[in-house]
Amino acid sequence: MVKTSLPAIGLGTLASCIIGIVWYSPVLFGKSWFRLAFPGRHIEDMKMSWTAPFIVTVAGNLIVALISNYLVNLLAIVALKDMVVLASVAAIFHCAVQSPHFAYEQRPVGLFIISGGYDFAVILVDCLISVLFNLNICFTV
């Protein structure tokens, strides 16, 4: 049976949310993402609730952290180079699966790059946290 680390999964989920806050902030890619995702609109004019997207984001980040932790432990990854390879393969796989959706929905390539970069960063950090917990570099509960 493959062990999982609940603290690593929890920290990975939190880290993913923080990455998203920074990634999609106006300082990094927030303005470009919004312009590409909602052409012709202004954020001030958006009359939608952000509650449901936030809940979906946290749930998705939890699942990514869980799967990342599971794979790191299943493959017994302790070397950082192997962790980077795993995260890269997972991110490339994810982007390959998403690319037809972007093409058929005629979404901009820039949006694909921003989203794919965020996904890679999240997967990389989740795998890193799992490796650090396995090496007892992080405090375990």
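Residues are numbered from 1 along each chain as its sequence is written, and side-chain values use heavy atoms, with hydrogens and water left out. Because the model is predicted, local features need pLDDT of at least 70 and side-chain atom pairs count only at pLDDT 80 or more, while totals for chains, interfaces and linings use all residues.

**Exposure and the nonpolar patch**

Accessible areas come from the Shrake-Rupley method with a 1.4 Å probe, and for residues only the protein chains shown count as cover. A residue is called buried under 20% relative accessible area, exposed over 50%, and partly exposed in between.

Leu11, Leu14, Ile18, Ile21, Val22, Val27 and Leu28 make up a nonpolar surface patch, and together they have about 670 Å² of accessible area. A patch takes residues with over 30% relative accessible area and no salt bridge; like charges are joined within 9 Å, and nonpolar side chains (Val, Leu, Ile, Met, Phe, Trp, Tyr) within 5 Å. Val22 belongs to helix 1 (residues 6–23); helices (H or I, at least four residues) and strands (E, at least two) are DSSP runs, numbered from the N terminus. Val22 is partly exposed because its relative accessible area is 44%.

**Salt bridges**

Side chains of opposite charge can pair when their charged atoms come close. The criterion used here is a side-chain nitrogen of Lys or Arg within 4 Å of a carboxyl oxygen of Asp or Glu. Over the whole structure, two salt bridges are found.

| Salt bridge | Closest N and O atoms |
|---|---|
| Lys81 with Asp82 | 3.3 Å |
| Arg107 with Glu105 | 2.6 Å |

Lys81 has 61% relative accessibility and so counts as exposed, whereas Asp82, at 34%, is partly exposed.

**Aromatic pairs**

A pair of aromatic rings is described by the distance of the centres and the angle of the planes. Rings of Phe, Tyr and Trp (its six-membered ring) pair if their centres lie within 6.5 Å; planes under 30 degrees apart count as stacked, over 60 as edge-to-face and the rest as tilted. The whole structure holds seven aromatic pairs. One of them joins Tyr24 and Trp33, which is edge-to-face because the ring centres are 5.4 Å apart and the planes stand at 70°. Tyr24 is partly exposed at 25% relative accessible area, and Trp33 is partly exposed at 23%.

The rings of Phe102 and Phe112 are also edge-to-face, because their centres lie 5.1 Å apart with the planes at 75°. This pair links distant parts of the chain, with Phe102 in helix 4 (residues 80–104) and Phe112 in helix 5 (residues 109–134), ten residues apart. Phe102 is buried at 8% relative accessibility, whereas Phe112 is partly exposed at 23%.

Tyr24, Trp33, Phe34, Phe38 and Tyr118 form one aromatic cluster.

**Cysteines**

A disulfide is a pair of cysteine sulfur atoms within 2.5 Å, and by this rule the count is zero. Cys95 is in no disulfide, and the nearest cysteine sulfur, that of Cys127, is 14 Å away. Cys95 counts as buried at 19% relative accessibility, and Cys127 is buried at 2%.

Terms used
Buried < 20%, exposed > 50% of the residue type's maximum accessible area, 1.4 Å probe, protein only.
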